[in-house]
Amino acid sequence: MNRKKLQKVAESVCRTAKHFNKIEVECLIKLFHTLVVEPSDRHATIGLDRNTFRNILHVTFGMTDDMIMDRVFRAFDTDNDSCVSVTEWVEGLSIFLRGTLEEKMKYCFEVYDLNGDGYISREEMFHMLKNSLLKQPSEEDPDEGIKDLVEITLKKMDYDHDGKLSYTDFEKAVRDENLLLEAFGPCLPDIKSSMAFEMQAFRETGDM
Ligand SMILES: [Ca+2]
Ligand SMILES: [Ca+2]
């Protein structure tokens with residue numbers, strides 16, 4: 001990609017990825033192009049497919065839960081074409097790394113609403129909590145313990161008592177207790193991996 005084209009892409013992405021400055025956006029675009037596998041057909045869409053993207057989440061951000069990584073991919077892939085484009089990459093990272101609480105709440109809710117129907121249901125909570133807790137061996141029936149946890153969570157977060165979490169419930173609960181943002185499993189990078197990522201991605205800006 002030549003300098004002129006890079007600047008043009010960066011300018012357009014800058015309008016929507018508001019937490020990065022133009023130099024940072026340029027770095028992220030360059031990084032994107034080192035991560036994509038260039039398609040043999042040069043007219044094909046250039047982007048990160050599900051496996052490549054999940055690999056980045058795993059290696060760079062230490063994520064391990066397949067279901068969550070899949071949902072993170074869906075959250076980045078806003079036009080739903082099964083490929084994260086350069087714009088989706090930078091916009092997604094803007095929230096993922098530097099989003100406001102509001103943006104992060106919307107993002108986490110989208111990740112946790114596994115079937116995308118606008119609610120986090122009992123079944124969805126069960127699946128996610130089961131995945132994130134299964135590593136701890138327990139003598140009791142683990143499913144029973146998780147069912148109890150789902151009920152405790154609902155009691156805490158389901159303000160309108162309809163047995164599922166709407167975005168309004170989720171937002172209210174998280175504003176009250178920020179730790180509930182990632183109640184159903186880690187889907188945002190921790191401080192250490194996001195700092196390491198930014199240092200790596202933006203190291204060129206240090207020379208300026
Ligand atoms: Ca896409
Ligand atoms: Ca749902």
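Trainee: Is N80 buried or exposed?
Mentor: Keep in mind that this is a predicted model. N80 sits in the loop between α4 (66-76) and α5 (86-98). A residue needs 12 or fewer C-beta neighbours within 10 Å to be classed this way. N80 has 8 inside 10 Å, so N80 counts as exposed.

Trainee: What is the phi of N80?
Mentor: Good one to look up! N80 is a residue other than glycine, yet its phi is positive. The value is near 60 degrees.

Trainee: And S82, is that residue buried or exposed?
Mentor: S82 is placed in the loop between α4 and α5, and its phi is positive, about 65 degrees, although S82 is not a glycine. The limit to recall is 12 or fewer C-beta neighbours within 10 Å. Because S82 has 12 inside 10 Å, S82 counts as exposed.

Trainee: Let's move on to the helices. How are α4 and α6 oriented to each other?
Mentor: Their axes come within 8 Å, with α6 covering residues 101-112, and they cross at roughly 125 degrees. An angle over 145 would count as roughly antiparallel, and 65 to 115 as roughly perpendicular. The crossing is right-handed. The two helices, α4 and α6, are therefore oblique.

Trainee: How many residues of the contact of α4 with α6 are charged?
Mentor: From α4 come I68, R71, V72 and A75, while α6 brings Y107, E110 and V111. Of these contact residues, five are nonpolar and none is polar. The number that are charged is two.

Key: Residues numbered from 1 in each chain as written. Chains lettered and ligands numbered in written order. Predicted model: local features only at pLDDT ≥ 70, side-chain atom pairs only at ≥ 80, totals over all residues. Helix = DSSP H or I, 4+ residues; strand = E, 2+ residues; numbered from the N terminus. Buried ≥ 20, exposed ≤ 12 C-beta atoms within 10 Å, placed from the backbone. Axes fitted to C-alpha atoms, helices over the stretch in contact; angles between N-to-C directions. Parallel < 35°, antiparallel > 145°, perpendicular 65-115°, else oblique. Left-handed = near helix turned anticlockwise from the far one by under 90°. Contact = placed C-beta atoms within 7 Å. Nonpolar A, V, L, I, M, F, W, Y, C, P; charged D, E, K, R; others polar.
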